[in-house]
Amino acid sequence: MHTVGLISGSFDPITNGHAWLIEEAALLVDELHVVMAVNPDKKYSFPEAQRLSLVQTVIDDLKLPCPVKVHTLGNVLLVDFAERVGANRLIRGLRNAEDLAYERRMAQINRKLTPAIPTIYVASPAALSDLSSSSVRGLLGFEGWERIVGDHVHPAVMDALVAKAGG
């Protein structure tokens, strides 16, 4: 069976935790789709085109064992998009118990909508479990933020964050 995985996220911004998940997912499937979610009600720090570009830059620098395609989700349910691209696995990263609780609820909804596409969980290593996109955005602009964030994002993402911070 040809396995096609799908990872989704807002990637605002993409972190090394996201990159790790993409690498792990690429080991589990024959083809991988990375889907950037866009919620019109959410205020993003980076515009859609820039987030998409940063995701592609990070993926281009990874040595992945399978083809990876990057998409924008738009106003479509994730499981419907998964069916459109032929995905037969939703792959989600777990950092902690809060992630598990949220992801379990989402998996139950997705399973009800599309029973043929299971959700596969991948637990992140401890070194990547503390810093999320939200915490990166929250640190932006505080004195010394670069020391903390620099180890957790790709250099291109760091450049975008520095530009956003006005530095």
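**Close-up views of a predicted model**

**View 1. Surroundings of His154.** His154 touches Asn16, Thr57, Val58 and Asp61, leaving aside residues up to four places away in sequence; contact here means heavy atoms within 4.5 Å. This is a predicted model, in which local features need pLDDT of at least 70 and side-chain atom pairs count only at pLDDT 80 or more, while totals for chains, interfaces and linings use all residues. Residues are numbered from 1 along each chain as its sequence is written, and side-chain values use heavy atoms, with hydrogens and water left out. His154 sits in the loop between helix H6 (145-149) and helix H7 (155-165). Helices (H or I, at least four residues) and strands (E, at least two) are DSSP runs, numbered from the N terminus. With 15% relative accessibility, His154 counts as buried. Buried means under 20% relative accessible area, exposed over 50%, and partly exposed in between (1.4 Å probe, protein chains only). The His154 side chain reaches the backbone nitrogen of Ala156 at 2.9 Å.

**View 2. Salt bridge between Asp12 and Arg137.** The closest N and O atoms of this pair are 3.8 Å apart. A salt bridge is a side-chain nitrogen of Lys or Arg within 4 Å of a carboxyl oxygen of Asp or Glu. By this rule the count comes to 4 salt bridges. The Asp12–Arg137 pair links distant parts of the chain, 125 residues apart. Asp12 lies in the loop between strand E1 (4-9) and helix H1 (16-28), and Arg137 in helix H5 (residues 133-139). Asp12 is buried, at a relative accessible area of 0%. Arg137 is partly exposed, at 25%.

**View 3. Salt bridge between Glu31 and Lys69.** Here too the closest N and O atoms are 3.8 Å apart. Two strands are joined: Glu31 is in E2 (residues 31-36) and Lys69 in E3 (residues 68-72), 38 residues apart. Glu31 counts as buried, at 16% relative accessibility. Lys69 is partly exposed, with a relative accessible area of 42%.

**View 4. Salt bridge between Glu103 and Arg92.** The two side chains meet at 2.8 Å, N to O. Glu103 belongs to helix H4 (residues 97-113) and Arg92 to strand E4 (residues 89-94), 11 residues apart. Both residues, Glu103 and Arg92, are buried.

**View 5. Confidence along the chain.** The protein chain averages a pLDDT of 92, and 99% of the residues score at least 70. pLDDT is the predictor's confidence in each residue, from 0 to 100. Among the elements, E2 has the highest mean pLDDT (98) and H5 the lowest (87).

Conventions
Polar contact = N/O pair within 3.5 Å; in protein donor to acceptor, adjacent residues only side chain to side chain.
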